[in-house]
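Please look through the sequence and the structure shown here before reading on.

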Amino acid sequence: MDTSGFSLVQAVVLLAAATVAVPLFRRLGLGSVLGYLAAGLAVGPFGLGLISSPQTLLHTAELGVVMFLFIIGLEMRPSKLWTLRRQIFGLGVAQVATCGILLTLVAMAAGVTFPVAVVGAMGFVLSSTAVIMQLLQEQGETASPEGQRSISILLLEDLAIVPLLALVALWGTLANPADTNTAPVWQSAGIAVAGLATLLVAGHWLLDPFFRIIARTGAREVLTAAALLVVLGSAVFMQSVGLSMAMGAFVAGVLLAESNFRHQLEADIEPFRGILLGLFFLSVGMSLNLQIVANEWRIVLGGVIVFMLVKGLGIYAIARLTRSTHAIAMRRTALFAQGGEFAFVLYAAATAAGIFDARASAIMSAIVIISMALTPIVLLAQARMSRGTITDLNGIDEADGLRGQVLFIGFGRFAQVASQALLARQVELSVIESNVDMIRSAANFGFKVHYGDGTRLDVLHASGAETADAIVVCVDNPESANRIVELCQSAFPMTKLYVRSYDRGHSLQLIKAGVAFQIRETFESALVFSQAVLTGLGFDEEQAREAISEVRHRDAERVELELIGGLENGRLFVRGNLAAPEPRPLFKPRSKSAE
């Protein structure tokens, strides 16, 4: 077999290896990432030798990371990024800086020079966005509060590659002052900032009109081509001004996050992203030089153990200092304790700049690859220690082929009560829930609940959302509810949405989103409660009903004002018990002093 280039036969080999390894590793609970890495190692030059040019494949497969970050960008609306700013630039900076300093000190204690120690340590600090996001998505945690913190840290780490590459270039310039072809650092920084500003301006003013024009043609394949053009064009442009391709794709995604075409773009890019990301992990596995690992196994093994332990200590300390529980801190430690794909970019730049020699680059790359491969195993061990047993779905059916007249998403106490009237009229229900304990508890009371994450479009399809007459959203998390509403309105626009609201602000969001009906989870029960208090105080039933009706009327007027000007606009319609009179009282309070 000719292994000098990359042939169709080799493509078949890769697909076969992935097809066998990935389902096997997922079946074992080790995750698809480790399956891809193992498959790449098996067929690569240091395994069976079926493919001898992993670097050729790696350059192509890097597009998978680019498209992956574009998908992440689509989820990161500017308003959402603004709300996460403290986590990104607070928690993220604290974790990166702490772990970077600790690992640099460890490397210097081992006799490594300062520049090599810094570059090696910071490369390991940059955890794998691809691995962590893949694991978060597989476990349905991206919309959870801890998932959002993890994403914030990953975003900061992705941004950190820019100053790190600039630092490597600066050290390279200082080490080779005779190189007159190297541009001054200030000039490179200026070009990078100007390029980023250009992309932001062009994206804000041109992208949405561009896709609107393309959509009018009615050609689906042209819209797909336009999506690829935007992703790859932004990536190449950012690379041309000295920044990373991944940053360009991420910025393009953020700029399109508010677009009407967001879900269509995500659906068009997803197949390419999945295939190329799989190729990326395959190529990383093939790049693991087993000969270096064998010759320098003490350094490699020691590096993996010490770097992961020290980085883990830093992550745990920052998590606890920011008031995370022990369980959450341990989970985050297990998730972030490895190196990531950006380490290969940083180490390649360090080698080109003369900071790393070939041996140092190979050893550090092997340490990072092995740590990435260990991540699912570390998470599995952490889960065993924290829970004693791993949560499984024994005896629980996953959502697949459901066809109810009404689809309930979430089945807590609110949904259980809301379902009773429908069941009394023989309405056929399909119910999905992501909490395994809740599913088992509901089964004890005669409810058939299927396991499924309503924030995933494939699960909604499997749950029969497209054929349901109504979708009832009763999840506890407002962000998850908003995500479900967004997906349903995009994929199933003719289906009525009934949504349980978390609070008043959430109700305003849902009204603006155009749901068929929303209700605050405590509003009606509080009114019934106050009506009982009134009748208990001696008011007759008619007076109590009129008071409750008047409250509803005032609340509706307040909502109208708040939709226009925000929560502060409705303050005049809230009665208080302060001594100062209300600006527009409808009723004068009764008191002994007033009689």
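**Strands and helices in a predicted model**

Leu407 stands opposite Ile471, a residue of strand S4.

**Strand S1 and its partners**
- Strand S1 (residues 406-409) and strand S4 (residues 470-473) run parallel and are joined by four bridges.
- S1 also pairs in the parallel sense with strand S2 (residues 429-433), again over four bridges, and here Ile409 stands opposite Ile432 of S2.
- In a regular strand, side chains alternate between the two faces of the sheet.
- In S1, Val406 and Phe408 point one way while Leu407 and Ile409 point the other way, and all of them are buried.
- Together with helix H18 (residues 413-424), S1 and S2 make up a β-α-β unit that is right-handed.

**His450 in strand S3**
- His450 lies in strand S3 (residues 450-451), and it counts as buried because its relative accessibility is 13%, where the cut-off for buried is under 20%.
- Apart from neighbours within four places in sequence, His450 is in contact with residues including Asp397, Glu398, Val431, Ile432 and Glu433.

**Helices H5 and H14**
- Helix H5 (residues 85-109) packs with helix H14 (residues 297-321) at an angle of about 145°, their axes being 9 Å apart, and the crossing is right-handed.
- Among the residues that make this contact are Leu91, Cys99 and Val106 of H5, together with Phe307, Lys311 and Ile318 of H14.
- The residues of the contact between H5 and H14 comprise 11 nonpolar, three polar and one charged.

Definitions and conventions. Residues numbered from 1 in each chain as written. Predicted model: local features only at pLDDT ≥ 70, side-chain atom pairs only at ≥ 80, totals over all residues. Heavy atoms only, no water. Axes fitted to C-alpha atoms, helices over the stretch in contact; angles between N-to-C directions. Helix = DSSP H or I, 4+ residues; strand = E, 2+ residues; numbered from the N terminus. Left-handed = near helix turned anticlockwise from the far one by under 90°. Contact = heavy atoms within 4.5 Å. Nonpolar A, V, L, I, M, F, W, Y, C, P; charged D, E, K, R; others polar. Buried < 20%, exposed > 50% of the residue type's maximum accessible area, 1.4 Å probe, protein only. Pairing = 2+ DSSP bridges. Right-handed = clockwise from strand over helix to strand, strands pointing away.
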